[in-house]
Amino acid sequence: MKQKPPLRIGEEISIKIEGLNHGGEGVGRYKGFTVFVPYAVPLDLVTARVISLQKNYARALLQSVSQPSYKRVSPLCQHFEKCGGCQLQHLNYAEQLKFKRDIVRNALQRIAHLDVPVLPTIGMEEPWHYRNKSQVPVGLVNNEVRIGFYEKRSHTIVDLKCCPIQHPRNDKVVNTVREALRKNKIPLYDEKKHTGIVRHIIARTSFSNAETLVVIVTNSRSLPYAEQLIQSLQENIPGLCGVVQNINTRRVNTIMGQENITLWGRSYLIESIADLKFHISPHSFFQVNPIQTGALYQKAKEYAGLTGSETVFDIYCGIGTIALYLARFSKKVIGVESVEAAVKDARQNAELNNTKNVEFFTGLAEEVVAKLIESGYQADVVIVDPPRKGCDQKLLSAMSEMQPDRIVYISCNPATLARDLKYLSEHGYESMEAQPIDMFPQTSHVETVVLMSRL
Ligand SMILES: C[S@@+](CC[C@H](N)C(=O)[O-])C[C@H]1O[C@@H](n2cnc3c(N)ncnc32)[C@H](O)[C@@H]1O
């Protein structure tokens, strides 16, 4: 017989929080029924109002904390809870690291049925101001210029004055552009009417080189008062290396369009990881946390177990960072990436670092890798670093047919990581060890590197 949930929508309940779900929301049980309470911490006793009810669980909004947990800390950010970018600022950092290890362990056990050793999460010494890229929407709200973030579950923009996980220079860009837009009355994009001009601002700062690239995304080719905007940036942003206009006239949620116009300076940023230099253009992916990227690549190298005689595939290679990092310890590295601009950067990066034993191919990994194998390419070690949706099954199948000795899987999504490891474990590979790395402190996201060996 179907049991009736022991609570109603609108009811206020007192509940002890026992754990966190994979999104970092508090989880408790009310008369045996599971309740998710965002922004509650394990061992908090809270009052929460039920806002939705499903067959197996309810969701409730935190009203007050009657007995705070010892794991609770004060969030640094004034926008926390409104912005939605961070989910864990109220949880102490050591607990954040434990939570991330548990998320990885649970995903591997539940989805892949794998009992792999999961090492303690590699955390940051200073888990703030680590992000190198800020990407914010621009719009008019009640006739006021707003640049910041969308309020949760809405498209109303809230002004962002300061984001404590960003490099401070990126905040400075946002505040400078806001002032310049206000002062010069530059027309702003209206999402509903698809009118106006300035849509998004992107600031990218290099940690090693202390330079900043600003991209202004516009709904038209013209950008009135561009000179004034550039001048404000030059006056306020130390290390400004370039201002680029990106044209996106389509009525879509994708932030950037295809075309870039360099308005001032250069159209790329230079960043270093270890002793390598990387050229990053506006469309190219680069890890958002340069400090932890060093730790990630170091682990990938250790798992790759290179002796100098191996051919390595770096699949989903972006601007060739891992390929170039490993090229010094391998016979040859082959990179595969779908974004043309990133492959162009990768080839330039090979020249910049005087690396000859790398070759890059443009296209979808699921198509290109199979063709490379057909034409005789073979790998001893394969590194994959896919986006959140994980690897296409065609790619996994091609990889297992190629039979490299080791596969190093780098993932920013434990669920798709587990799904893909399950496939590979059914096709001749054993997962040896998983290393979570905290690339995204204060958020519920986690990066993981896994070593798989051929059986
Ligand atoms: C998580 S990033 C990793 C980049 C790189 N390994 C790094 O550490 O900077 C994923 C990359 O995969 C690329 N990508 C996404 N889907 C792809 C596909 N189907 N085939 C090839 N590359 C793809 C993206 O453009 C992005 O550069």
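This report describes a sheet and a ligand site in a predicted model.

## Basis of the description

Residues are numbered from 1 along each chain as its sequence is written, and side-chain values use heavy atoms, without hydrogens and water. In this predicted model, local features need pLDDT of at least 70 and side-chain atom pairs count only at pLDDT 80 or more, while totals for chains, interfaces and linings use all residues.

## The sheet

Seven strands form an open sheet of mixed pairing, in the order 8-7-6-9-10-11-12. Strands (E, at least two residues) and helices (H or I, at least four) are DSSP runs numbered from the N terminus; two strands pair if DSSP finds at least two bridges between them. Strand 8 (157–159) and strand 12 (259–265) are the edge strands, each pairing on one side only.

Strand 11 (residues 240–247) pairs with strand 12 in the antiparallel sense over six bridges. Within this pairing, Thr262 of strand 12 is the bridge partner of Val244. Helix 3 (residues 226–236) packs on the sheet and touches strand 10 (212–218), strand 11 and strand 12; contact here means heavy atoms within 4.5 Å.

## The ligand site

Around the ligand are 18 residues, of which Gln287, Tyr297, Glu337, Ala365 and Asp385 come nearest; a residue is near if one of its heavy atoms lies within 4 Å.

A nitrogen atom of the ligand is 2.9 Å from an N or O atom in the side chain of Asp385. A ligand nitrogen atom is also 3.1 Å from a polar backbone atom of Ser338. The elements that give two or more residues to the shell are helix 5 (321–327) and helix 7 (365–374).

Methods: Axes are lines fitted to C-alpha atoms, for helices over the stretch in contact, and angles run from 0 to 180 degrees between N-to-C directions. A polar contact is a pair of N or O atoms within 3.5 Å; within protein, one must be able to donate a hydrogen and the other to accept it, and residues adjacent in sequence count only if both atoms are side-chain atoms.
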